[in-house]
Amino acid sequence: MTEPGVEEDNDLVFHRICALLAPLNHKGVTLTRDVDLVADLEIDSVSVLDVVMEVEDAYDISIPVNTISEIRTLGELVDAIHAIKKGQG
Amino acid sequence: MSLFDKFEKTAALYNSLSEMGKNPFAVVMEEVLGPTRARIKGRETVLAGTHNYLGQTFEPKAIAAAKRALDEEGTGTTGSRFANGTFAGHKSLERALADYLGLNYCVVFSTGYVANLGAIAGLVDPSEDVVLIDADCHACIYDGCQLSGAETIRFRHNDPESLDKRLQRLDPKFKGKLVCIEGMYSMYGDIAPVKEFVDVAHKHGAYLLVDEAHSFGVYGAKGRGVCEAEGVMDKIDFYSGTFSKALAAIGGFVASNHPEAEYLRFSSRPYKFTASPSPATIASAHAALDNIALTPALKAKLWENARRLHAALTQFGLRLAAPPAPVISVLLPTKEEAFAAWNFLLDRGVYVNMAIPPGTPGKESLLRLAVSSAHSGDDIDRLVGAYGQMAEAFPSARVALAS
């Protein structure tokens with residue numbers, strides 16, 4: 001089952017991020033791993049940090065600001081969460 | 001051309017502000033008429049958007065001290081604190097600040113921004129330390145983290161539990177942990193639960209730095225800040241502040257009971273590689289410090305004005321960001337309305353600050369009123385009058401009433 005507007009992807013993290021981003025996706029952009037958070041979704045850098053805070057609490061991980069500033073796409077955010085979960089878990 | 005492409009969107013917004021009315025980011029004080037009055041666009045205006053909390057900009061003793069320093073020591077130091085820019089005045093101001101705060105050590109920097117930059121980058125080593133910062137910390141704390149190169153983790157604003165969780169799950173590889181918060185946050189005028197932060201930080205063996213830029217001179221029985229009001233002056237590790245608000249000059253400082261704070265004098269690049277404050281600046285800051293220490297009535301008057309304004313704005317039904325404080329912010333739903341309301345006030349001879357996302361917490365747009373002890377009864381009447389008209393003209397600035 002895939003929600004409308006979300007590209008099929010069997011990754012649970014990906015789906016959870018999509019749910020967190022939904023309220024900020026004002027233009028109704030189809031969410032794929034290649035979507036650029038700032039350029040495509042037009043989310044400002046501070047909002048990205050706030051979404052990340054939600055992600056941190058959802059997964060009980062800490063994502064350093066230094067890492068976030070290098071993340072451009074939804075896929076990169078998902079990959080970073082996987083990497084940190086592995087390291088901190 | 002590609003160097004400038006990235007500015008296009010912001011430039012369009014900036015220019016459109018000037019076309020729609022007056023640009024809040026390009027206000028010029030054409031003539032300064034006193035601590036709370038200036039001429040803006042040819043009109044005498046009440047200043048409620050400066051941080052002259054204790055009205056010291058025209059304090060006669062501070063002006064006399066600055067003139068004397070100019071005559072006796074010249075216009076500038078032409079050097080950095082580290083090399084050739086430390087005069088007797090810099091050292092005696094450091095001593096006076098330490099005494100005022102009841103802390104043992106104090107290091108003076110060239111601005112408040114530079115003090116936080118210098119404290120963070122001077123204290124942490126990117127190869128082994130980590131910094132944890134409140135999400136709503138000022139840009140200079142973010143920039144200090146960036147300059148340090150250390151791993152930086154944000155926790156939820158004013159939420160000690162959120163900090164606790166992040167300290168709990170830190171990689172044990174980190175040796176030093178520095179937590180940064182502020183006393184009073186300048187956008188909303190809200191206060192940090194410093195005591196709880198002290199407990200959480202120390203439980204995890206972390207050091208706590210509190211930036212009291214907006215609360216120095218203003219909170220606590222002796223004006224030492226929110227740390228004093230919370231009874232934890234002797235529990236925090238580092239205290240940073242500025243001369244550009246309650247002391248009405250320019251410069252900054254870091255104070256501490258750790259003797260190692262003195263190491264900032266060689267470990268901190270923002271201390272070593274920028275010119276030190278001029279003799280006149282140091283002299284006026286010192287005289288203002290002496291004056292506020294001897295005149296508790298200034299702080300009392302500031303709070304009287306703040307409470308009166310907060311009560312009046314509450315009466316108008318305006319949506320306020322925090323309980324009474326020297327900063328009183330009205331929240332508006334959009335930046336367009338904030339801009340229109342800001343212009344509305346300026347047209348009525350009242351200057352406040354407009355703040356819009358992304359520079360504000362929680363995506364809010366707001367009008368920030370900064371109170372001064374020097375606001376006269378007439379100033380307050382004008383402020384209240386203009387805000388009352390604004391509340392009528394902008395229903396969206398008011399708290400929604402249950403129908």
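**Entry 1: strands 13 and 14 of chain B**

I began with strand 13 (residues 353-355) of chain B, which pairs with strand 14 of chain B in the antiparallel sense over 3 bridges. I count two strands as paired if DSSP finds at least two bridges between them. Strands here are DSSP runs (E, at least two residues) and helices are DSSP runs (H or I, at least four residues), numbered from the N terminus. I looked up one partner: Met354(B) is bridged to Leu367(B) in strand 14 of chain B.

Before going on I noted that this is a predicted model, in which local features need pLDDT of at least 70, side-chain atom pairs count only at pLDDT 80 or more, and totals for chains, interfaces and linings use all residues. Residues are numbered from 1 along each chain as its sequence is written, chains are lettered from A and ligands numbered from 1 in the order in which they are written, and side-chain values use heavy atoms, with hydrogens and water left out.

**Entry 2: the other neighbour of strand 14**

I then turned to strand 11 (residues 327-332) of chain B, which is joined to strand 14 of chain B by 6 bridges and runs antiparallel to it. Here Val327(B) has Ala370(B) of strand 14 as its bridge partner.

Is strand 14 of chain B buried or exposed? I found that 6 of the 6 residues in this strand (365-370) are buried. Buried means under 20% relative accessible area, exposed over 50%, and partly exposed in between (1.4 Å probe, protein chains only).

In a regular strand the side chains alternate between the two faces of the sheet.

**Entry 3: Asn353(B)**

I picked Asn353(B), which lies in strand 13 of chain B. Asn353(B) counts as buried because its relative accessibility is 14%. Its side chain makes a polar contact with the side chain of Tyr351(B) at 3.4 Å. A polar contact is a pair of N or O atoms within 3.5 Å; within protein, one must be able to donate a hydrogen and the other to accept it, and residues adjacent in sequence count only if both atoms are side-chain atoms.

Leaving out residues up to four places away in sequence, I listed what Asn353(B) touches (heavy atoms within 4.5 Å). The list includes Gly49(B), His51(B) and Trp342(B), and also Leu366(B), Leu367(B) and Arg368(B).

**Entry 4: chain A against chain B**

I found 17 residues of chain A in contact with 16 residues of chain B. The rule finds 7 salt bridges across this interface, a salt bridge being a side-chain nitrogen of Lys or Arg within 4 Å of a carboxyl oxygen of Asp or Glu. I looked up the one between the side chains of Arg169(B) and Asp60(A), at 2.4 Å, N to O. Helix 2 (45-59) and helix 3 (65-68) of chain A each supply at least two residues of the side of chain A that touches chain B. The largest share of that side, 8 residues, comes from helix 2 of chain A.

**Entry 5: Lys86(A)**

I ended with Lys86(A), in helix 4 (residues 74-88) of chain A. Lys86(A) counts as exposed because its relative accessibility is 75%. Lys86(A) and Arg72(A) are 14 residues apart in sequence and 21 Å apart in space, C-alpha to C-alpha.
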